[in-house]
Amino acid sequence: MNTDTVDTTVGADNSLLLEMRGLCIEGFSDEEWHQIVKDVDITLHRGRMLGLIGESGAGKSTIGIAAMGYAKPGCRINGGRIVFDGVDLTAASEEEKRRLRGAKIAYVAQSAAAAFNPAHKLIDQFAEAVTEHGIGSRDDAYADAKDLYARIKMPDPDGIGFRYPHQVSGGQLQRAMTAMALSCRPDLLIFDEPTTALDVTTQIEVLVTMRDIVEQFNCAAIYITHDLAVVAQMADNIMVLRHGETVEEAETRRMLSAPQADYTKSLWAVRSFRKQHPAPPPEDTPLIKVDNVTAAYGPVTVLHEVDFAIHRGHTVAVVGESGSGKSTAARVITGLLPPQTGAIYYDGAKYPGNYRKRSKEQLRHVQMIYQMADTAVNPRQKIRDIVGRPLSFYLGMDGDEKERRLRELMDMIELDPNKFLDRLPAELSGGQKQRICIARALAAEPAFIICDEVTSALDQLVAEGILKLLDRLQRELNLAYMFITHDLATVNAIADEVIVMLQGRIVEQGAKHEIFSPPHHQYTELLLSSVPEMDPDWMDNVLAQRRAKGGMAAAGN
Amino acid sequence: MTSEDLETEPRPAKPGGGAAAWRELKKAPLTAQFGLVVIAFYLFVALFAQYLAPHGESEIVGAEFEPRFGEFFLGTDNLGRDMLTRLIYGAQNTIGIALATTVLAFMLGGVVGIMAAVLGGWFDQFASRLVDVLMAIPALIFAMLLLTIFGTGWLTLITVIGVLDSTRVYRIARAVSINVVVMDFIEAARLRGEGVPWITVREVLPNIMPPLVAEFGLRFCFVFLTISALSFLGLGIQPPDADWGSMVRDNATLITYGDINPLLPAAAIALLTIGVNFVVDWFLHKTSGLKDEH
């Protein structure tokens, strides 16, 4: 789409398709109405793709759905006009809107797994909209589905539609959903974070499919995401949103190279964080030694002879796709999953494989920070109790001593003790909750912390704050981190050493600069090259390279 | 601009204590306020029965079946005892036993249910199958059987109904706990080395309180009905102690003559049941986040 910069003469029709003027939407929460979208204007022509970008709560999904004349339960459109192809959707009857939805406007949701009905075959769900809207017969729809499956390069296009949603992979399901959205040849496609739930190597395949579709059918599209690098590949124009208001809108290249607003600049700068201090030289005895561990869930072996070490003060990043065994490795270290063979050593001493057999002191040494801070803290306990429990449990503190230490810990995680100690987790934001989890881990005074995808559920600016905090704490307390992530940008920012995992085996390990510079192992190469960059030409270049090498592009399946 | 500023403004801390509770009460729907008034009235009557009742509990004060609004406000029963007095004492006996029974059922069923979820494995299997067996036998018949075997004292009554009822509580406590036990904060607590009592009471219990409290209200009503039914059948609270269930039975003959007096104790049961349910509905509504708008 953005192969040519400001080309408006693409193919045939590029007339105005969607126009939103002064759109206002309000939502009902805490017993009152709040304005969640304020006075947003959107103009979209056929054959163009608009990227909506912003952090959670910016109102981007709400705007995307409003393009169908729809507001989520608990929300209502309370101002402005939404004109789609000459029809004012704010004034249209439900009947009229229902005719448009699915037929003329289609929606691709974030989680295809949740959006498909698990009880019906893919192709039947494809055919439903077609027959419902009276566009064609079931047989026509079947034929069309097979054609589309072939065009989006699904494996076995004639047969795959007859599978159930759980019988295909996540990436295939997301593509099947894109095909389904096209079943009635809509004029407008709304993509709502369609690749957020996918691994990077799968993501690129899905992105290519979506871009091709928009080009082939000359649709207009709205692409909603929080990932700048992705939107840079996809959209012709980018609109930045914050708190339901437009911050700025511009053509993709101009937006990337010369953002105007301060907020946009701060978003652009996020990925620039780099670890400030060098790791201390490794000691003779590693702090954590994972010695030739094989582990299984029931009959399924998920870790094969995994062997690595983590030294005091070092950050070791473990990367890999979902199912590669990186979280399982953490479970073995914590003792939640006793290994079948091999052992875990802490500071040279062998630890029991089962956490129940470890002493309090041994448990204290290995602390963990979770991906979802929401579920990692007890919603019914006050911050004081959450952070204070390890203090009294491990260190036997109470009274003034405990209170003093609590305040110290809160200062360390940069939250005001007077304001936060007596709050419940629900009264904190996502980033603050993650800080509380960090404080709880620190309260045990460990030398080693496992960070399991700690930033992936957070907005980018907030995530960067957390990374900076972890980095500072490491410098001050000489902590060792095992940093599990699938985000290579994060790895680049904070890791000293990198372990690449695939299907329960370590593919490659070594110092960061070694892993990130050629020659790569084949899988590392695929992984590294699949991480979107801010350069709008990135995807085209990668595809060209892969075609040149041949065969690699298929590896994403 | 720091990273925290960019996030949505967190809600301010709630003001604690009685003032907040009072505000909640004033905001409560009319049905809930009605329910609370009813419950408060019943509790008051039950607690101060001795002072409120015009006569002694089993004192014969007049002729049999005297009419209402005569010498005695609600007339007399089949033995010539004052109906109003019997009703007031009945509140004390019936509510007292029902409350004790429900509390026992919840302590037993709740704790074992959460522990089954936390421990899993053979403990869960054992407890669950035991409960299955107990639930397979119709509760009323089983209760009658056990009461016939062990006698019909207050203590046996409370224990038998409490244990039988705890099976229902066990089911719900285990079901909701299982959703909580998979959360990361439970894993964090396990990894910290916490014992089962701590995890059960401090980590899981606070998170399953709303459904348990709602269930408490409903169970209380059912226990109430069970006791009344048992009393009606002669296995519950024994004469001469006043009890609403047995009062219906004692005066049942009057119904044949078109007098509604025997239905007064039944009405007392019905009113309390409705009151409790109103309050439970309101509580469920508040804590589950259900809203009326949609």
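Predicted model: local features only at pLDDT ≥ 70, side-chain atom pairs only at ≥ 80, totals over all residues.
Two strands count as paired if DSSP finds at least two bridges between them.

## A hairpin in chain A

E9(A) and E10(A) form a hairpin with two residues between them. In the turn, His243(A) has a positive phi of about 50°. The two strands run antiparallel and are joined by six bridges. If you want to find one spot where they face each other, look for Arg242(A), which stands opposite Glu245(A) in E10(A).

E9(A) has another partner too: strand E3 (residues 49–53) of chain A pairs with E9(A) in the parallel sense, over four bridges. Here Leu50(A) has Asn237(A) of E9(A) as its bridge partner.

How many of the six residues of strand E9 (residues 237–242) of chain A are buried? Six of the six are, so the strand is largely enclosed by the rest of the structure. In a regular strand the side chains alternate between the two faces of the sheet. In E9(A), both faces are covered: Asn237(A), Met239(A) and Leu241(A) are buried on one side, while Ile238(A), Val240(A) and Arg242(A) are buried on the other.

Now step over to strand E10 (residues 245–251) of chain A, where you'll find Glu251(A). Is Glu251(A) buried or partly exposed? A residue needs 20 or more other C-beta atoms within 10 Å to be buried, and 12 or fewer make it exposed. Glu251(A) has 14 within 10 Å, so it is partly exposed. The C-alpha atoms of Glu251(A) and Gly51(A) are separated by 9.9 Å, though the two residues are 200 apart along the chain.

## Two open sheets

Chain A also has an open sheet of six strands, in the order E16-E17-E18-E13-E19-E20, with mixed pairing. Strand E16 (366–369) and strand E20 (505–511) of chain A stand at the edges with a single partner strand each, so one side of each has no neighbour in the sheet. From one strand to the next, the twist averages 20°.

Next comes an open sheet of four strands, ordered E12-E11-E14-E15 (chain A), with antiparallel pairing. Its edge strands are strand E12 (300–310) and strand E15 (349–351) of chain A, and each pairs on one side only. Neighbouring strands here are turned by 35° against each other on average, direction ignored. Strand E11 (residues 288–297) of chain A runs antiparallel to E12(A), and seven bridges join them. One contact point to look up is Ala296(A), whose bridge partner in E12(A) is Thr301(A). This sheet has a helix packed on it as well: helix H11 (residues 326–334) of chain A touches E11, E12 and strand E14 (341–346) of chain A. Its direction makes about 110° with that of E11(A).

## Chain B and a pair of helices

The C-alpha trace spans about 85 × 45 × 35 Å along its principal axes. Of the 294 residues, 37% count as buried. Among contacts in chain B between residues at least 6 apart in sequence, 68% join residues at least 24 apart.

| Helix | Residues | C-alpha span, end to end | Expected at 1.5 Å a residue |
|---|---|---|---|
| H5(A) | 14 residues (138–151) | 20 Å | 20 Å |

After H9(B) comes Gly234(B), with a positive phi near 95°.

Back in H5(A), the buried residues are Ala141(A), Asp144(A), Ala145(A), Lys146(A), Leu148(A) and Tyr149(A). What covers them includes helix H4 (122–132) and helix H6 (170–181) of chain A. Just after H5(A), Lys153(A) takes a positive phi of about 60°.

Terms used:
Residues numbered from 1 in each chain as written. Chains lettered and ligands numbered in written order. Axes fitted to C-alpha atoms, helices over the stretch in contact; angles between N-to-C directions. Contact = placed C-beta atoms within 7 Å. Expected span 1.5 Å × (residues − 1).
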